[in-house]
Amino acid sequence: MRFNRCIYFWALCGMLLVAACDRGFSEQPAQNSVAKAKDPVPASSVQEEPLVIQEESVDSSAISSASIDTITIDVKKSVAKQKKKRRSSSSRTRSSSSNIILSSESEPKIDTCANVPEGYVCDMRDNKMYRVVKIGSQTWLAENLNYAAEGSWCYDNNSENCEKFGRLYTWASALDLDNSFLFTSAAGQITPKHRGACLEGWHVPSMREIDILETFVNNNNVKNGHKDELVGTSLKSQNGWAACEEADEDCIPGTNRFGFGALPAGWRDSDGSFNELNEDFSMWVANESEDPKRAPYWELFYATDKFWGSYIKLKTIAYSVRCVKD
């Protein structure tokens, strides 16, 4: 009995010893795993995850005051540079726009033909205005043409005479033809309603158109009780004929009954001399004579009441031009 109790005692102690050992071994690996966690983890043992870039928070305590100043200066420079760039771009745009306005204001386009009074027509080539008059079925300039074409002159080369009497043209200049046609035939060059030196929409009258004018004036005078007044008197202006103003007994004054207002512009000879200002009005027509160096013209003279159209003169002589509407 005593022997059995001894065996039981020692068996119990063995069991307690084994249990204590097992407990000691189970706690030791946990300590080792904690220690190993402090070691670098091999890349092969880490599961790859998607790369996510996040804004870093900067620890202000880790940045020196000198670094902060440098960063601040760089940021200010960058902002200033962007503002300067925007101002420069805006300034260039405003400058460009301003230049356009200044250019427009410094070089205004003056167009006196924009507002033409009733009873006038404007020549777009030089902005000169002319009175117009309707006589029967025709509309005429009520002034001599004053367009500075090549081969035309002011009487005595005085511009003031151009303002009052218009210019004097060679036949080729009046018809806007080459000067070679001053000495040769222009057959085939003259067209119906030949514009010549006239303003757009108007032309140098033909002999036929002068006949129409003369016939209408004469018939109208007879019809209205002026049968003794010849066409020349009816077409002359009332003023400007010097001989009449000087009470020359040979002068036959004009009535300007139809508003044609013929003024005695005189004429320029082929040798360059000027003749009969205030005494003679002569105008070219868009026709030639059988002599290629000569052409017909129509004339009003201070000492006659007729409108002469039976003359021919050298094409190099310069006479007035009266335009008729197309």
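1. A residue counts as buried when its relative accessible area is under 20%. Tyr319 has a relative accessible area of 1%, so Tyr319 is buried. The model discussed here is a predicted one.

2. Trp267 is buried too, because its relative accessible area is 14%, below the cut-off of 20%. Tyr297 is likewise buried.

3. A pair of aromatic rings is described by the distance of the centres and the angle of the planes. The count of such pairs in this model comes to eleven. In one of them, the rings of Trp267 and Tyr319 have centres 6.4 Å apart and planes at 65°; planes over 60 degrees apart count as edge-to-face, so this pair is edge-to-face. Trp267 belongs to strand β7 (residues 267–268), while Tyr319 is in the loop between β11 (308–314) and β12 (324–325). The two residues are 52 residues apart, and their pair links distant parts of the chain.

4. Tyr319 also pairs with Tyr297, with 4.5 Å from centre to centre and 35° between the planes, and this pair is tilted. Tyr297 lies in strand β10 and Tyr319 in the loop between β11 and β12, so the pair ties together parts that are 22 residues apart in sequence.

5. These residues belong to a cluster linked by ring pairs: Trp267, Trp284, Tyr297, Trp308, Tyr311 and Tyr319.

6. The charged end of Lys315 sits over the ring of Trp171, at 4.3 Å from its centre. Lys236 lies over the face of Trp241, 5.1 Å from the ring centre.

7. Which residues does Leu145 contact, leaving aside its neighbours within four places in sequence? They are Tyr130, Gly166, Arg167, Tyr169, Ala197, Cys198, Val321 and Cys323.

8. Two backbone angles deserve a check. Asn127 is not a glycine, yet has a positive phi of about 65°. Asn127 lies in the loop between β1 (120–123) and β2 (128–135), and counts as partly exposed because its relative accessibility is 28%. Asp156, also not a glycine, has a positive phi of about 60°. Asp156 is in the loop between β4 (152–153) and α3 (159–165).

Conventions:
Residues numbered from 1 in each chain as written. Predicted model: local features only at pLDDT ≥ 70, side-chain atom pairs only at ≥ 80, totals over all residues. Heavy atoms only, no water. Contact = heavy atoms within 4.5 Å. Helix = DSSP H or I, 4+ residues; strand = E, 2+ residues; numbered from the N terminus. Buried < 20%, exposed > 50% of the residue type's maximum accessible area, 1.4 Å probe, protein only. Phe/Tyr/Trp six-rings, centres within 6.5 Å; stacked < 30°, edge-to-face > 60°. Lys NZ or Arg CZ within 6 Å of the ring centre and 35° of its normal.
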